[in-house]
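Subject: Structure for you to look at

Hello,

Here is the structure I promised to pass on.

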Amino acid sequence: MSTIIYPSPIFGPVHSRRLGVSLGVNLMPGDGKVCTFDCLYCECGLNAERRPTQKRPTREEVRGRLKQVLSQRNNDGEPLDVITFAGNGEPTCHPDFPGIITDTTELRDTYFPQAKVSVLSNATMIGKEDVREALMLVDNNIQKLDTVDNDYINKVDRPVSPSYDVHDVIDSLKLFRGHVIIQTMFMTGEGVDNTGKEYVGPWLEALREIAPQQVMIYTIDRETPTAGLRKASPATLDAIKAQVEEIGISCSASY
């Protein structure tokens, strides 16, 4: 099946369903995928099928290329809503992630002070204090929490580390003290469905504990590397959105 591998270290801008005109920062190699999850639905494909041969971009390479692109867009009067760390894998596993975030916020302040800095993360690295501190510097600290059921996560999100425990992740998410946006993928399929009350109920309880500033729920938008996965319906997402709002948390839904 067709999947997407993004250029590195800068790609786009693209129009994000949730964030607007978004300039992408890819801290992984430009010819493959490096991720601490191996999600069945990942638009970049499965880890084993996308092994890179190139190296990750260095902090200096990221800063230099980002400065070049931001300067040019500023000079040309081109709009920019957000600088988004995403791409071919988990951005926070880059060894210089904290320093790269410092560089990025400085460049943003120079060229596009109105733009936001966003990080799309699967939350596997937020147990590290330096990663959490860096994420506190960004405007949109977007962390994945597809469910609070470890069996589902092991089947669908497939963490690379055998020690992964979603309850440890929830404890780390609490440490942001509200400076976090929770992002959840809802979908259905043969043997895969996290839209029922047995999943949504405990997930809502975790949201109460985390007390995020916002929740973003969404469903499959592009072709997936695994067959048989299906979009959650708009009605299903709307019902879940309403339940999140009932507990006093802002929620958006992308269909």
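This is a predicted model: local features need pLDDT of at least 70, side-chain atom pairs count only at pLDDT 80 or more; totals for chains, interfaces and linings use all residues.

Eight strands make up an open sheet with mixed pairing. Their order is β1-β2-β3-β4-β5-β6-β9-β11. The edges are β1 (10-16) and β11 (251-254), and each of them pairs on one side only. From one strand to the next, the twist averages 25°.

Within the sheet, β2 (residues 20-26) and β3 (residues 82-86) run parallel and are joined by five bridges. Helix α2 (residues 97-111) lies across β3 and β4 (116-121). The helix runs at about 155° to β4.

The cysteines
How many disulfides are there? The count is zero. A disulfide needs two cysteine sulfur atoms within 2.5 Å. For Cys 42, the closest cysteine sulfur is in Cys 44, 4.4 Å away, so it is too far for a bond. For Cys 93, the closest is in Cys 35, at 7.0 Å, which is also too far. Cys 42 is buried, at 17% relative accessibility. Cys 93 is buried too, at 16%.

Thr 188
This residue sits in strand β7 (residues 187-189). Is Thr 188 buried or exposed? Thr 188 counts as buried because its relative accessibility is 17%, and the cut-off for buried is under 20%. Leaving aside neighbours within four places in sequence, Thr 188 is in contact with Asp 193, Thr 195, Gly 228, Leu 229, Arg 230 and Lys 231.

Best wishes

How values were computed:
Residues are numbered from 1 along each chain as its sequence is written. Side-chain values use heavy atoms; hydrogens and water are left out. Helices (H or I, at least four residues) and strands (E, at least two) are DSSP runs, numbered from the N terminus. Buried means under 20% relative accessible area, exposed over 50%, partly exposed in between (1.4 Å probe, protein chains only). Contact means heavy atoms within 4.5 Å. Two strands pair if DSSP finds at least two bridges between them. Axes are lines fitted to C-alpha atoms, for helices over the stretch in contact, and angles run from 0 to 180 degrees between N-to-C directions.
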